[in-house]
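Please walk through the helix packing and the chain contact of the structure shown here.

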Amino acid sequence: MTELVLLVDAYLVDALPEIWFGAVMFALAMYVVLDGFDFGIGMLYATRDDEREKETLLTAFGPVWDANEVWVVAFGTMLLAAFPRVYSRVLADHYLLALGFVLALLFRGLGPEMREQRDDERWKRYWDYSFIGGSFLAPLLFGTLAGRWIFDAPTLSLPALLTGVGLVTVSVATGAAFLTAKTRPRLASDLRTYGIVATLVYLIGVVALLTTVVVTDAGGAAETVLSLPVGAIVVLSVVAGGGGSVLALRGKYRAWLVSALGLPALLSLLVALLLYPTIYPPTGLTVREAIVSPLALNLVTILGFPALLLVLWYFKFLYGVFSGPIEGEGYES
Amino acid sequence: MFSTALPDVLIQGWALQLSPELASRAQFGWTISVHIIFASLSVGLAPFIVYFTWKDVRTDDERFTRLRSFWVKVFAAGFVMGTVTGIPMSFQFGTNFPQFAEVAGELIGGPLAFEAKMAFFLEAVFLGVLLFGQERVSDRTYVLSSVLVGVGAWLSAFWILIVNAWMQTPRGFEMITRNGMEVAKLTDPLAAFFTPRMPWMYVHMVNASVISVALLVAGVSAYIVWKKRDAAAWNTALKLAVIILLVTAPLQAVHGDAYGRHVADTQPQKFAAMEAHYETGTADLHLLAFPKSIDAITDPKAENLFTVSLPGVGSFLASGGDFDAEVLGLNEYEENPPVAMVFWSFRFMVGLGFLFIGLALWGGYLIYNGRLSESNRFLKTMIAASPLGYAALLTGWYVTEIGRQPWVIQGELRTSEAVSSTLSGTEATLTLVGFVVIYIGLILVALHVLRWLVEDELRELGAKVSDDDRWYGPVPKVSDDD
């Protein structure tokens, strides 16, 4: 029974609280990257009038969005399991933003699914609005909420709103990159313009956000922002965004997709840097203060990490099944 | 902690406003009621989908191709509704009941995270394959995908019910102080996950989901058969649903009886509310209850009702064999749950349960005589009964959840203490109204989608679907051709 006693008294490894902070941030990154391009598809959908092009976008979205969306649940429940007070405060202190976000997800998810249920122009048009509106509002509200959390700023403030806009634009960029890699040249060259513009706006937004934070010292984050790692993230983002745009113009869409997906991943890394070690800046709560007791954390580690690996394998399988270009309503074989 | 002296409803300036506590509870109750219909649809329909897919791939029988294709569409629409209504549930633990999330975090966080990682992902990923991938994967992988979707749905229920069962019969923890707050610390994971309530709840809920879906399948099949007698696939589906009901409906009654005894043991206050038993002493079991006055509806007390009762059987059940055993009455407690809702919900659920047994036996008798699809009376009854499984399932949950009040964690944390102290009545009322409006729209859309799917099916079968024959919701226009 000595092993069990060990499980109760101490973390499996000393750094387990930090590892869990990393795991929660990894789930956030997966969500921002994967559902981000879903949101992008939804927003770019607004630019399409042709029914066949719309169907192409929906075919790219259909098989994967639901699984992508589950990452927000994984993120939330992992946060709850490891840092219950942070989960409580983040949601309770941003009540309307949080519930607005889940309602936006509701409209986004129902849109494409319900649209297909009936061949009626008005019916389809309303569900299109639902899809587009939800795809725009969800990243805006999620980003704004994150901005409030990280920078301890009110909703109507530059740090919060710029984070929201940043998430919207990076979603458009990855959505465009994902679609160009999966569709025919004519549609692709049309979509890449939006992607490149969104990338540039995103980069300007990130720089503006970090400048605002340095000037106002929002949430006491100025010092972190001026550190070397954050500088490196900014440089890498500019390289990924700029280089990606060049690749896009040259028609190298798969390479563009890889560099575009790097943008939200770097953004999540930035969030992680800003939230460590003070995981809830408004009350100054740190990772070590907020973490659950050893037994609870050891348990979710032993049961949860193999499950997480399995989930990653599912995703590899899913994206393997639905790889390759799309035309109209179907995948080409 | 949270002041109960505040009025629950007040008019502030221009608008009617509810207290944060009342609005939060109403919102959680309403959103979970809608979510549970779709969640249990996934759980109940999963075995049907697996069976149809397996038969379809295995035998190439056109009947099963048809049934699989139809019910996968229902499953897909239901799953999307389940996803979009499910995400607000775990969020509300944080937005509306943050003290609950914080106090119970170590106990409920793990199971909820496992639900996401082990169940929800499994269901979502392989449903993508099931819906869009038939041409892109082998038959074996395709059947396996349907099995994995089903396993995901059942595992999902497993982890969620671990959380709920813990709230009813909390075990495996001790209260400690962390960051200035009394919180539960996990001390024994096995005891915390497999609480006394867990096995009762899981069997009862999964079986209830299967019964509800069997009634839905029977109702839809009966409608199509009624319109088109020689629809072979739907005659098969009707028969299958009746056979499943013949097993599951009696099982639920037998199991429910034992479950009730367990509730009396572990949550005597809830049991007393279920029987409106106020005075401590011998308890009768009221098989049927009729209110003597309007008051008796809103405030039922065993002594104010006309009842058909078995004297002392309440005591017998609660004690496990003693007709004179003392059963604690509601007068013993400082604060009680809303007795009327618990008392009547319980009777409604049990009454429906017996009705389902009757329907199953009727259908079984008709199968035995080979006249299942010939009796218009039976077909119409089954059409009318198609939503009733969900009515029983919801009222059963009302008994469980409202009966636990005033506690959110039985004996440990009151619901009023769990409500967010930073939430304003205006915010809470606003989101409550939003959820009510949006979810009513959602239910209407779901009913329309089901109607269109049925109409499409009838059209494909070559039956007449005219405009004056519209089917709004589960009950069709019944003609007098009996």
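**Helix packing and the contact of the chains**

In this predicted model, helix H11 (residues 339–369) of chain B packs against helix H12 (residues 376–385) of chain B at an angle of about 150°, and their axes are 11 Å apart. The crossing in which H11(B) passes H12(B) is left-handed. H11(B) brings B:Leu359, B:Trp362, B:Gly363 and B:Leu366 to the contact, while H12(B) brings B:Phe378, B:Thr381, B:Met382 and B:Ala385. Sorted by class, the residues of this contact of H11(B) with H12(B) are 6 nonpolar and 2 polar, with no charged residue.

Helix H2 (residues 16–45) of chain A and helix H3 (residues 51–61) of chain A pack at an angle of about 170°, with 10 Å between their axes. Because angles over 145 degrees count as roughly antiparallel, H2(A) is roughly antiparallel to H3(A). On the H2(A) side the contact consists of A:Asp38, A:Ile41, A:Leu44 and A:Tyr45, and on the H3(A) side of A:Lys54, A:Leu57, A:Ala60 and A:Phe61. The contact of H2(A) with H3(A) has 6 nonpolar and 2 charged residues, and no polar ones.

The two chains also meet each other: 50 residues from chain B and 54 residues from chain A take part in the contact. On the side of chain B that touches chain A, the elements that give two or more residues are helix H2 (62–95), helix H3 (98–132), strand S4 (181–186) and helix H15 (425–461) of chain B. H3(B) gives the most to this side, with 22 residues. By class, the side of chain B that touches chain A has 29 nonpolar, 15 polar and 6 charged residues.

Terms used
Residues are numbered from 1 along each chain as its sequence is written. Chains are lettered from A and ligands numbered from 1 in the order in which they are written. This is a predicted model: local features need pLDDT of at least 70, side-chain atom pairs count only at pLDDT 80 or more; totals for chains, interfaces and linings use all residues. Two residues are in contact if their C-beta atoms, placed from the backbone, lie within 7 Å. Helices (H or I, at least four residues) and strands (E, at least two) are DSSP runs, numbered from the N terminus. Ala, Val, Leu, Ile, Met, Phe, Trp, Tyr, Cys and Pro count as nonpolar, Asp, Glu, Lys and Arg as charged, and the others, Gly among them, as polar. Axes are lines fitted to C-alpha atoms, for helices over the stretch in contact, and angles run from 0 to 180 degrees between N-to-C directions. A crossing is left-handed if the near helix is turned anticlockwise from the far one by less than a right angle, and right-handed if clockwise. Angles under 35 degrees count as roughly parallel, over 145 as roughly antiparallel, 65 to 115 as roughly perpendicular and the rest as oblique.
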